[in-house]
Amino acid sequence: MLCAAVSVLPWKGCEIVRARSTIAAKRRREGYTFILPGFAYMLIILGYPLIYNIILSFKNVNVKTFASGTSVFVGFQNYIELFQNETFRLVLKNTFVFTIFCLLFQFTIGFIFALFFSQKFTLAGPIRGMVLVGYMMPMSVTALLGKNMFDVSSGVINDLLMKLHLINAPVEWLLGGGTAMAAVIAVNCWVGIPFNMLLLTSGLTGISQELYESASVDGATWGQRFRYITLPLMKPAIMSVLMLGFIYTFKAFDLMFIMTSGGPLNATDVLGTYSYTLSFKQYEFSRGSATAMVLFCCLFVIGLFYLRLISKEEE
Amino acid sequence: MEKTAAKATFASSKEKRKNYINGAIAILIAVIFLFPIYWLVAMSFKSDAESFGKIVTYYPHEFTLKPWIENFSDAEFVKSLKNSMIIALLSMTLSMTFGVPAAYGMGRYKVPGSKGFLLTFLVTQMLPASLMLTPMYLIFNKLNLLGTYLGPALAISSGSIPFIVVTLRPYFKSVPTALDDAARIDGCGVFRSFFKIMIPAIKTGIITVVVISFLNGWNDLAYSMTFNVKPEMRPLTANIYKFQSKWGTKWNCIMAYGTILVLPVILLFVFLQKYIVGGLTAGAVKE
């Protein structure tokens, strides 16, 4: 509207340009009025503790030095001690094992489900939605449920496996290291599969049906259509699902905390739960912070890739 | 002519058969995925002996409401339930107050630095609670925020606000400019047009973020457990351990506890499914 005015009344252009710049300034002010409170909230509530955490990880803050205010900087000592510690190395390994196996299963099965539910049939919509309820549940209840279902004697998993003659004797799921990890992964996949399915479905619906039809006319098999149409067009969705999956799985906390307490003998302890133990059971705040920083650095690397991907799509 | 008609019925019966087979597979998937939830609810109606007996029963043979009654007649349980409500509502209110205007500002205004703002919200969405626990605990300790409802609510909202911004920004962007231009010409101020025009225009998106930010508070374990050491300030999630040792092997009571925690989620899910599903997709992946 203003542009039109400028061209129709050239002699008034100067004034209008000035008016326009004050309008622009006013709009900027309005924009900031809306954005800044939320932004400031994030800086104060999240940004400040994040920086404080970095500082903590280079000091020797524990329950004694915190109370007396006598903590000092110790450089990389916390990090060195952590990496020399066998338990920490086990915890780091556990976190990666848990994440990689979860990603593998939940992505593959989630993708198969997404392909299956993208077909047109009567029940596709309602059931796809129903399956998602597991994702919305509090993780603490899911973990509680896992603890019950994987119980040795009263657990339903053992009972089912025995009835199907897959095992002869009850498995002591949560009492052995490897089996406890398997149980935790299984429970996490129950939550992760529907989530992967949901995100991949939204990617699949974006692919035009005509592409498949013309490929069929040209005699392409199902495998070829998947290989040359679905996969390439789904690549952005697949990448972001994998990266988000990594971020969500790597930071696991509630599941292990309730289902196994990180046990038996740290077999299901991950960076999140181990950091909690150091800070709030042993009151070694600085070591807890350093552990959390290791968690953060791993997420940060993946997060950078994710952000690059997102900002590419944003343009 | 007759031949093509026969062909058509053949094709449609083939379609029909495919529909049935796919339907059967879908039902099987649903049964497997919903079984744990069925199990949770079924356990909560079993008698004590049945719930920890050596013989696993697949439905309550002696149906009883006792586990539910035992939970609700426990004063500590009722208090925890109330705490869950307070923390969820408080964090929801905080998140909406800061998140919705920010989403509006970023969706409707071109301001210098907007890319940086968006990046900040995207990054903060990825920060896990376990990373923030230690520094927040020490900071809240100095600010006397430990043992309050505000402590966990402040922390939970820092996760919900980025979600709201990322989810609602495209909604605000999609509202035609003519709508608020018209309001401005009618003499509506900026804030009036925000509340009277924009918010109602994106009702769907608003419902989504209200539900999700409520559930973020309701589902929280880490923050509430760490910042509120006293059990009487803790929500249901954070008191699970306490009740587990209280009920011992009475799995029926523990599962009734779990069912009560899941109930609001299921109710919201049943009634508002399309909003939740849409919101989750929009928030997680750029379309």
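**The interface of chains A and B, and what surrounds it**

Across the interface of chain A and chain B in this predicted model, the rule finds zero salt bridges. Polar contacts are present, however: 13 residue pairs, both members at pLDDT 80 or more, are in polar contact between the two chains. On the side of chain A that touches chain B, helix H2 (residues 13-57) of chain A gives the most, with 22 residues.

Counted by residues, 92 of chain A are in contact with 100 of chain B. Counted by area, chain A and chain B bury about 8,800 Å² between them, and 77% of that lies on carbon and sulfur atoms. A:Phe34, A:Tyr41 and A:Met136 supply 9% of the area that chain A buries against chain B, more than any other three residues.

For B:Phe172, the contacts beyond four places in sequence are B:Val100, B:Ala103, B:Tyr104, B:Gly107, B:Arg108, B:Phe194, B:Met198 and B:Ile202.

The two domains of chain B, domain 1 (2-43) and domain 2 (75-284), deserve a look of their own. Their C-alpha centres lie 37 Å apart, and the contact takes four residues from domain 1 of chain B and seven residues from domain 2 of chain B. Domain 1 and domain 2 of chain B bury about 470 Å² between them, 84% of it on carbon and sulfur atoms.

A:Asn78 lies in helix H4 (residues 77-84) of chain A. A:Asn78 counts as buried because its relative accessibility is 7%, which falls under the 20% cut-off. The side chain of A:Asn78 reaches the backbone oxygen of A:Ser57 at 2.8 Å. Leaving out residues up to four places away in sequence, A:Asn78 touches A:Leu56, A:Ser57, A:Phe58 and A:Lys59, together with A:Ser286, A:Arg287 and A:Ala290.

Note on methods:
Residues numbered from 1 in each chain as written. Chains lettered and ligands numbered in written order. Predicted model: local features only at pLDDT ≥ 70, side-chain atom pairs only at ≥ 80, totals over all residues. Heavy atoms only, no water. Contact = heavy atoms within 4.5 Å. Helix = DSSP H or I, 4+ residues; strand = E, 2+ residues; numbered from the N terminus. Buried < 20%, exposed > 50% of the residue type's maximum accessible area, 1.4 Å probe, protein only. Polar contact = N/O pair within 3.5 Å; in protein donor to acceptor, adjacent residues only side chain to side chain. Buried area = accessible area lost by both parts, 1.4 Å probe. Salt bridge = Lys/Arg side-chain N within 4 Å of Asp/Glu carboxyl O. Domains from an automatic or database assignment.
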